[in-house]
Amino acid sequence: MARYVVQRLILMVGTLIGVLTITFLLTHVLPGSPVEVMLGHRPTQDQVAAVKHQLGLDLPLWRQYLRFLGEIAQGNFGKSFLTNQPVLQDIGQRLMATVELTTLAAICIILIGVPIGVLSAVKANSPIDHFVRSLSVAGVALPAFMLGMLLQMAFYGWLGWLPLQGRMASATLLDHRFPAVTGLFLIDSLLAGDLVAFRDVAAHIMLPLATLTLANLPLVSRTTRNLMVEALTEDYVRTAFAYGLPRRNVYFRYALKATLIPLLTVIGLTYGYLLGGAVVAEYVFDWPGIGGYVVRAITESDYPAAVGVTLFLASAYLTINLIVDLLYFLVDPRLRSS
Amino acid sequence: MGVATTAPTGQPGGVFVPQAGNAVMTDNLLEIRDLHVEFPGLERTVKAVRGCTLFVAKGEVMGLVGESGSGKSITALACLGLVPPPGRVTGSIRLDGHEVVGALDADNERLRGGVAAMIFQNPGKALNPFFTIGRQLTDVIVNVRRIQQAAARGIAIAALTEVRIADPDRAMHKYPHQLSGGQLQRVMIAMALACKPKLVIADEPTTALDVTIQAQVIVLLRDLAREHGLTVLFITHDLGVVGSVCDRLAVMYAGRVMESGSVDGLLASPAHPYTASLLRAVPMLGRGRTELMQIPGTVPNMAAPPPGCAFHPRCPSAGPSCASEVPAMRETNGGRSIACHHPLPAPAGSSEDVGTLAS
Amino acid sequence: MTAEVVNVAVSAARKVTTTVRLLHFTKHNVLFVVGCSLFLAIVLAAIFAPLIAPYDPTAINFLDKLMPPGRQHLMGANDLGQDIFSQVLYGARTSLMVGVVVISLAMAIGVPIGLVAGYFGGHLDTALMRISDVFLAFPPLLLPIAITAALGTGLFNAMMALAVSWFPWYSRIVRGAVMRINNELYISAARAMGVGSVRIMLRHALPNSLTPIIVQGSMDFGYAILAAASLSFIGIGAQPPTPEWGLMAALSRTRFIDNWWTVTFPGLAIFVTVLAVNLVGDGIRDTLDPKQQ
């Protein structure tokens, strides 16, 4: 098994280099010069030349590439044009906001989607099953941004229960500052014992959380359902029933374990969708996370930032997939022996 | 699960009703009466079991023989209320006095394992690959015998020892894929034994195993049955096996029992043409170079079985009434029952003498 | 749909009432029929948009600014006074085109790569698959965003970006199908007879992989429309004045809370279209590959 891990890590590094290369090509080969962006309008020839030299743009392409790889290896992702801070620092400041949102969404999706899928499978072809499947089909057709806006219209515009956007109301932020221990505001406000701040943070995270959860729920519940239906036809499930084991145990322990491997794959994929979906959700809700950072970096041609964040997100996604693959070993004893 | 009817409906020909005062009736552990199982589908309904009647007395090993599609496995599942949806079960199955057909699943759950334990055909697939066999055994034992985990473990190891698994302690920690087919079937038998059931239903327990292993498992089953005084319903399509294990035999065709009686009697002088054809078709060593007799025709389509006696299109003794009237199950002297309009004459004289070699 | 048409023609010849057969088919495939009907309606709306649309979708009219849905504007007007109904109709053209273009392009890139990788195997295969893996390493939407950003915003570039991000799926499908038949005897026979590789790939490998490609394509059609709309929404895809449903939602972001129609109707249009396409795709998949669900 250790050999497998090493193999996968090597593969991952190779893939990351590929990702780096593509990102490099995108930013350096295609038209659109970062120089103009940096210098604003009508720079002089000398200014342009100076900046070009500084950025290394006057070197031949392959040398730029090597320099690029070298810098990345050292952890130097460059400086953002817009914030003038190192990109890594920008990412650090905004990372936890996204982590809080996507992790909570992932938990909600699993806690809601899997039992629904199991229920749907156990009562296959019953009205409940048809209802759940219809919801799944419909849910996939609704774009996430639309869902977010509908929620805003309903809960902010019409009912006035929840705030429109942002992570905290600025008024609350001023009066209730709490130390950022983990960067996860829900936890930090509780740690500081500040209930007013906690309620505010919770209220703000509700809608983006609901959007991300509902947008990705159908896939998980549908996959769980289909996998469970197949698992329930297995002979060993029949054996469990033949010895009178209680139904709930059979479903959630014996049958579900069989679905775990493909289900883990889907969960890994879902986390990927969440990372991608966070981009849209953060845009809709003005959430100060990485997603919003990427969009702004790209629309404003902030190349270092765009490159940095893309690399970061791709690495995160690859790492998640690697973890999922390693979890297979935990779940399926048949893999361990080989 | 099904609608319980105490009186049979629909089938012309009636049902085998034992005489009052017949000793067989009071000592029966399993009584199947006119069992019907059908699977309604979108376009047609498959009638897997069409009036099966069978009695298994306490302590005996009853063999249930039939080709694929004869309905024997479904009958076995029905005994424990395990017929999968959309199956509809009608008729009566009395297991140790409890009526299974039409009962609540919760009631049937109490019978499973403790009263009747089932052994399935393909042990590699019948055991969960994600759990150790120790875990699967103890889960079942804890649930059926209602004891603590620690005690269950001891019982599991004892059961594994009884089925002659080497090093049972280590085996408990193994996963199914680490054991051979023969060992896995022993594990299944151990699982059944550990529940201390009254009836063991073995559904083709050796079909998926190599021939040499088959013999071992069969011998094991036979010895264990004798030792523990178990009643066994042994289902198989292999006639060659029943001789060494079973006391009595029932032959099923197209969802009905065609003939039943003592093993020796049936094998020596079958009264039903189908049983006779089956015996002729089985190649047995030591019988001399006789030609293998095929049964002409094919197994009937269970969605549209032939009218009257289902075997009549292929029956060498078929007569005019066979195509229209379903033969009723009749009991004859010597514990033989037969459902046929033209039973074969016994070699030693009249049909009344069939089965003088009582079990 | 073609199969049904053939069936109907044949049965007419047999004097069986076509209505009866259609009803029977509908009863067993309700969702598929609903999806097809919806899709047909959308296609017709797109084709006849110039005839149906009451206004020019780009016509600005400040007098009608933010008028709620009513007799003058069926679906209301946005804050430039443009008729939303007309925009939705023309947006159908855009979205359908997006679906077709993205899927076709992704197939055009992915299928040849998959054919070559599967047929020749060996190092070429490994190299091609590793490259594909890199594309799959990006979380969905991120690569299209990055590519579009590099190429410049605009619907055309967004479509290119989506196609380039998705071709790996088709390569894998085709490669799998090709590898499955690679060991078949008739392939070796063809090679021995001197039939060129290209001909073998086109005549044998390609038809074999057609079914899963069609299934995948029908499922991706809807997703392409969704992705393009999302890209337009964040400002990277379609730019004004292109009529695109996601763009419509983006342009109304400042006003939508009190003017629900500006965002709801384009959103509904996306929903109905993607739903219809997915239902059709599910039906196709159920027919061609019933074991997948």
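Helix α12 of chain A (residues 247-285) spans only 43 Å between its end C-alpha atoms, whereas a straight helix of 39 residues would span 57 Å at 1.5 Å a residue. The expected span is 1.5 Å times one less than the number of residues. Helices here are DSSP runs of H or I with at least four residues, strands are runs of E with at least two, and both are numbered from the N terminus. A kink of about 55 degrees lies in α12(A), centred on A:Leu256. The bend at a residue is the angle between axes fitted to the seven residues ending there and the seven starting there. A:Asp286 follows α12(A) and has a positive phi, near 55 degrees.

The model is predicted: local features need pLDDT of at least 70, side-chain atom pairs count only at pLDDT 80 or more, and totals for chains, interfaces and linings use all residues. Residues are numbered from 1 along each chain as its sequence is written, chains are lettered from A and ligands numbered from 1 in the order in which they are written, and side-chain values use heavy atoms, with hydrogens and water left out.

Chain C has 12 helices and zero strands. Its C-alpha atoms fill a box of roughly 75 × 60 × 30 Å, taken along the principal axes. Helix α5 of chain C (residues 84-120) has 37 residues. From first C-alpha to last, α5(C) reaches 53 Å, close to the 54 Å expected at 1.5 Å a residue. C:Gly121 follows α5(C), with a positive phi near 60 degrees.

Chain C also touches chain A. The contact (heavy atoms within 4.5 Å) takes 42 residues from chain C and 44 residues from chain A. About 3,800 Å² is buried between the two chains, and carbon and sulfur atoms give 79% of that area. Buried area is the accessible area (1.4 Å probe) that two parts lose on being put together, summed over both.

One salt bridge is counted between chain C and chain A. The term requires a side-chain nitrogen of Lys or Arg within 4 Å of a carboxyl oxygen of Asp or Glu. A:Arg222 pairs with C:Asp282 in a salt bridge, with the closest N and O atoms 3.5 Å apart. On the side of chain C that touches chain A, the elements giving two or more residues are α6 (122-136), α7 (142-151), α10 (197-233), α11 (245-251) and α12 (261-288) of chain C. The largest share, 11 residues, comes from α12(C).
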